[in-house]
Amino acid sequence: MKKLMVGMALTATLATAVTPGFGSIGGNQDKAYAAATVTYKVTASKLNVRSGAGTTYGIIGSVVKGQTLSVMSKSGSWYKINYNGRTGYVSSDYVQASGTATPPAESTTYTVTASTLNVRSGAGTNYASIGSVTKGQKLSVVSKSGSWYKINYNGRTGYVSSDYVQASGTTTPPAESTTYTVTASTLNVRSGAGTNYASIGSVTKGQKLSVVSKSGSWYKINYNGRTGYVSSDYVQASATTSPKLVVDSFKTLGNAQQVILVTADNYDTKSAKIQTFEKVDGKWKQVLTANGVLGQKGFALSKKEGDMESPTGKYTIGTAFGRYANPGTKLPYRKITANDVWVDDSKSSLYNTWQQKPANGRWTSAENMDIPAYDYGFVINYNESRTPGKGSAIFFHVGTNYTAGCTATSKEQVVSILKWLNPEKNPVIIQSPVSELDKY
């Protein structure tokens, strides 16, 4: 559509209402903007109005060339508008704004969900903690770097894990900026993406550019308050590094190439976050994120039989199991029968092993395996020495409420993880409160 729209004119009127600011995290919107009169006009013959800021959102109507728009805010390259009494979004590429005022970014509130969340000096758990924020606290988010938010923290820059921050609204903070530097002695800035477009000025060697987007071999830039284009052949973009994952800082993984990470805000919560990671070509990649649950009383400082707490630590992964046929896992798989039990009698020589009824005096108590929670799952190799009273029957299985000491998530996620696990990649599971991940 853009090729057809080049050179077309357009118009629109800014609504006097200004989108609220970031509340306690971002301050008030620019008062000068509120008073400014800016006209927004459509330049495309017909422009779709969508339900969200992106082409993946549904079309709720359209506007036509020359139509004026009531713009409320800007979200990336999309304008949020009032459209027939409802909210809509149009691409800013096909809207001409007169004047120099820019509509405010859509207001988003960022709230801490963890009881206590470390603020670090960089985007990763390997960076030092410079302080902390607490549950319910509002954050002033500057940008996002991988799974970390860059924030203003007591007048300095800090980083917090986005896993424990709830963002209201539909916008995503911008990715951390990349620096674009001119390498030519003098570089023409043109009115369009090509040498056939007129020069509207120039930039010089070492000058930093505000790059909006890339079109072929041309960068679209902000140039003295207007749009310009420069050849990317004469612009150096600072190297971008892949954001660090939490597993990148782990030093106890040995030859493990698959990791299941189970974390909670603290020892006392039964709610958990489950993430899976796999090393590919020497680099860790995140595969899955899901909600999960722990023992009814959370994590255990020192696991004991019957304490309703899940053990912390790093463990290898044992046999997969289920009440149905193998769902496609590469792990050794055992189908559960009506006679299968797991012995939890600390005085039995078969303590913490999978056996079959009848007991015939071999144990006085055992957990029935033929239950819905064990539709699918796998054994976490905890207490392999079978120390009496140290805990038994520690599994990863199906469940969404709480467990007696296992880790659980939805059946769909359990099956997905089972299919992903590969014993040739030496998978491990790590269970820990967030505050103690530096142990690994």
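**View 1. S92 in a loop between two strands.** In this predicted model, S92 lies in the loop between β6 (86–91) and β7 (95–97). Strands are DSSP runs of E with at least two residues, and they are numbered from the N terminus. S92 counts as buried because its relative accessibility is 14%; buried means under 20% relative accessible area, exposed over 50%, and partly exposed in between (1.4 Å probe, protein chains only). Leaving out residues up to four places away in sequence, S92 touches K74, S77, W78 and Y79, where contact means heavy atoms within 4.5 Å.

Residues are numbered from 1 along each chain as its sequence is written, and side-chain values use heavy atoms, without hydrogens and water. Because the model is predicted, local features need pLDDT of at least 70 and side-chain atom pairs count only at pLDDT 80 or more, while totals for chains, interfaces and linings use all residues.

**View 2. G61 in strand β3.** G61 is part of strand β3 (residues 59–64). With 17% relative accessibility, G61 counts as buried. The residues touched by G61, not counting those up to four places away in sequence, are L47, N48, V49 and Y83. V49 is 12 residues from G61 along the chain, and their C-alpha atoms are separated by 5.1 Å.

**View 3. An open sheet of three strands.** The strand order is β30-β29-β31, with antiparallel pairing; two strands pair if DSSP finds at least two bridges between them. β30 (354–356) and β31 (366–368) are at the edges, each with a single partner strand, so one side of each has no neighbour in the sheet. Three bridges join β29 (residues 340–343) to β30. D340 stands opposite Q356 in β30.

Conventions
Helices (H or I, at least four residues) and strands (E, at least two) are DSSP runs, numbered from the N terminus.
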